[in-house]
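Take a look at the model below. Then try each question before you read its answer.

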Amino acid sequence: MPTSSRQRQVAILGATGSIGTSALDVIARHPQQMRASVLAAGGNVDALIALCRTHRPDHAAIADPALFVRLRDGLLDAGLATEAHAGQEAIDALAASNNCDTVVAAIVGAAGLSSTLAAARAGKRLLLANKESLVLAGELLTREAAAAGAEIIPIDSEHNAIFQCLRSRDASLEAGVRRIILTASGGPFRGRSRSDLAAVTPAQAVAHPKWSMGPKISVDSATLMNKGLEVIEAHHLFNVPGSRIDVLVHPQSLVHSLVEFIDGSTLAQLGLPDMRTTLAVGLGWPQRIESGVSGLDLLTQGRLDFEAPDLDAFPCLRLAWQAMDAGGSAPAILNAANEVAVSAFLQGRVGFLSIPALVEHTLSTLPHEAADTLDVLLAADSQARQITETAIARLPNA
Ligand SMILES: NC(=O)c1ccc[n+]([C@@H]2O[C@H](COP(=O)([O-])OP(=O)(O)OC[C@H]3O[C@@H](n4cnc5c(N)ncnc54)[C@H](OP(=O)(O)O)[C@@H]3O)[C@@H](O)[C@H]2O)c1
C-alpha cells in the first residue's frame with residue numbers, strides 16, 4: 001500500500017476485541033490520513049487473519065506462541081505480505097518499534113501492561129483503553145510516558161470526556177478544576193438489592209443495557225468494579241486525589257462525564273454510547289475527524305437522569321476506593337483478584353456475589369506495600385491471583 005509521509009501508522013493491540021474492531025472501523029474511514037500497520041491478538045488466530053485480509057497490516061502478532069505456524073501459514077494462504085509474529089515479547093517489541101507511531105492499547109486485563117508500557121517508553125501516541133494497566137501500575141506508566149514524551153489519550157469514554165472538557169490531562173487546582181465527576185450507567189442490575197443479585201447468571205451480567213463491550217468489562221460494569229477501576233484510572237491520568245473524584249449514576253449513558261471548575265462552571269461531554277467517538281478523538285486529536293457515529297438528538301432521547309451509586313448492593317466500588325486510598329500495591333491486588341473472580345464467574349464456577357467477597361478476602365489477606373517498581377507490582381499481582389484461586393477452590397460449589 002502506498003503511504004504518504006504524514007500518514008499515521010497505527011498498532012492495534014487487542015485488534016480482535018470490541019475496542020480493536022471499533023478502532024479499525026474509524027481508521028478505515030480515513031485511508032489518506034492513517035492505516036493499521038500492526039495488528040495483535042491473544043489466541044483468536046482465525047479472527048486475526050480475517051482482519052489482516054481486510055486491513056493488510058505490515059505485521060500481525062498472536063500472543064500464544066503455539067499459534068505461530070497457524071498464523072504464518074494463514075497469512076501466506078491468503079496471499080498477504082503481512083509478517084507473522086508470536087509471543088508477548090514480540091507484541092511488546094512491535095509496540096515500541098518504528099512500525100507504528102500510534103498504539104491503541106486495547107488488550108483486556110493485566111495482560112496488556114507490558115505492551116502498554118513498551119509503547120509509553122518508546123514515546124508513542126498512546127490511545128489507552130486498557131484501564132487495568134493504569135490500575136496496576138498507574139504511577140509508573142504515567143511517569144515513564146512523561147519521561148519519553150509519549151502522549152496518552154484516554155479512550156475510556158468517561159476519561160475521554162474529561163480530556164475533551166479540559167483539552168489536556170491537567171485537572172489540577174492551579175488549572176481551576178474543583179472536581180471531576182465520572183458518570184456510570186449503573187449496569188444491567190441497577191436498582192436491585194444485594195439479595196436480588198445472588199442468582200444472576202453470566203448471560204444476564206454481560207447483557208449491558210447501553211454499551212456493547214467484551215465479557216470482562218461487561219461483568220465489571222454489572223458489579224460497578226468498572227467504575228472503581230475508572231476512579232483509580234482518573235486519579236492517575238489527571239493527577240487528582242480521590243477526594244476530588246465523584247461518581248454519579250446516569251442510566252441513559254449520554255453524559256459521559258463532567259468537570260467542575262472553581263468558578264462554578266461545569267463542563268460535560270455528551271454523545272451516543274459508541275466507542276468510535278472516543279477512538280476518533282484519540283486518532284485525530286487535536287483535529288476532529290469523522291467516526292461514523294451520529295450526533296445526539298436530545299429531543300428524541302427525552303430525559304437525563306442522575307442518582308447516587310448504591311454501595312451496599314455494589315460493594316466493588318467501595319473496595320476500589322479503599323484500595324486507591326491505601327495506595328502502593330493495593331490497587332494491583334484489587335485488580336488481580338477481580339480478574340480471577342470475574343473469570344471464575346464467567347465460567348460458572350462462582351456466583352455473582354462471590355466477586356466482591358473474593359476481592360475483599362484477597363485485599364485483607366495480602367498485605368499491601370509500597371510499590372515503586374514493576375517487579376513489586378507484578379509480584380503482588382501474582383500472589384493475589386494465587387490467593388483468589390485458593391479461596392475459589394475452597395468455596396462449597398466450586
Ligand atoms: N469495550 C468497550 O467499550 C471498552 C470501553 C472502555 C474501556 N475498555 C477497555 O478496553 C480493553 C479491551 O476491552 P474489550 O471490551 O475490547 O475486550 P474484548 O472484546 O474482550 O477484547 C480483548 C482483546 O484483547 C486480546 N487479548 C486478550 N489477551 C491477550 C494477550 N495476552 N495478548 C494479546 N492480546 C490479548 C483479545 O484477543 P483474542 O480475541 O485473540 O482473545 C482481544 O483482541 C479492556 O481493558 C477494557 O476495560 C473497553
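**Loops, ligand and helices**

Q: In which loop is proline 286 found?
A: The model is predicted, so local features need pLDDT of at least 70 and side-chain atom pairs pLDDT 80 or more, while totals for chains, interfaces and linings use all residues. Residues are numbered from 1 along each chain as its sequence is written, and side-chain values use heavy atoms, without hydrogens and water. Helices (H or I, at least four residues) and strands (E, at least two) are DSSP runs, numbered from the N terminus. Proline 286 sits in the loop between helix 11 (276–284) and helix 12 (298–301).

Q: Is the peptide bond from tryptophan 285 to proline 286 cis or trans?
A: Most peptide bonds are trans. Here omega is near 5°, and the bond from tryptophan 285 to proline 286 is cis.

Q: What is the phi of arginine 167?
A: Arginine 167 lies in the loop between helix 7 (157–166) and strand 8 (177–184). Most residues other than glycine have a negative phi. Arginine 167 is not a glycine, yet its phi is positive, at about 60°.

Q: Which residues come nearest to the ligand?
A: A residue is near if one of its heavy atoms lies within 4 Å. There are 26 residues around the ligand, and the nearest are Thr16, Gly43, Asn44, Glu132 and Asp156.

Q: How far is a backbone N or O atom of glycine 43 from an oxygen atom of the ligand?
A: A polar contact is a pair of N or O atoms within 3.5 Å. For glycine 17, a backbone N or O atom lies 3.0 Å from a ligand oxygen. For glycine 43, the distance is 2.8 Å.

Q: Are helix 9 and helix 14 roughly parallel or roughly perpendicular?
A: Axes are lines fitted to C-alpha atoms over the stretch in contact, with angles from 0 to 180 degrees between N-to-C directions. The axes of helix 9 (residues 215–223) and helix 14 (residues 330–346) come within 10 Å and cross at roughly 100°. Angles under 35 degrees count as roughly parallel, over 145 as roughly antiparallel, 65 to 115 as roughly perpendicular and the rest as oblique. Helix 9 and helix 14 are therefore roughly perpendicular.

Definitions and conventions. A polar contact is a pair of N or O atoms within 3.5 Å; within protein, one must be able to donate a hydrogen and the other to accept it, and residues adjacent in sequence count only if both atoms are side-chain atoms.
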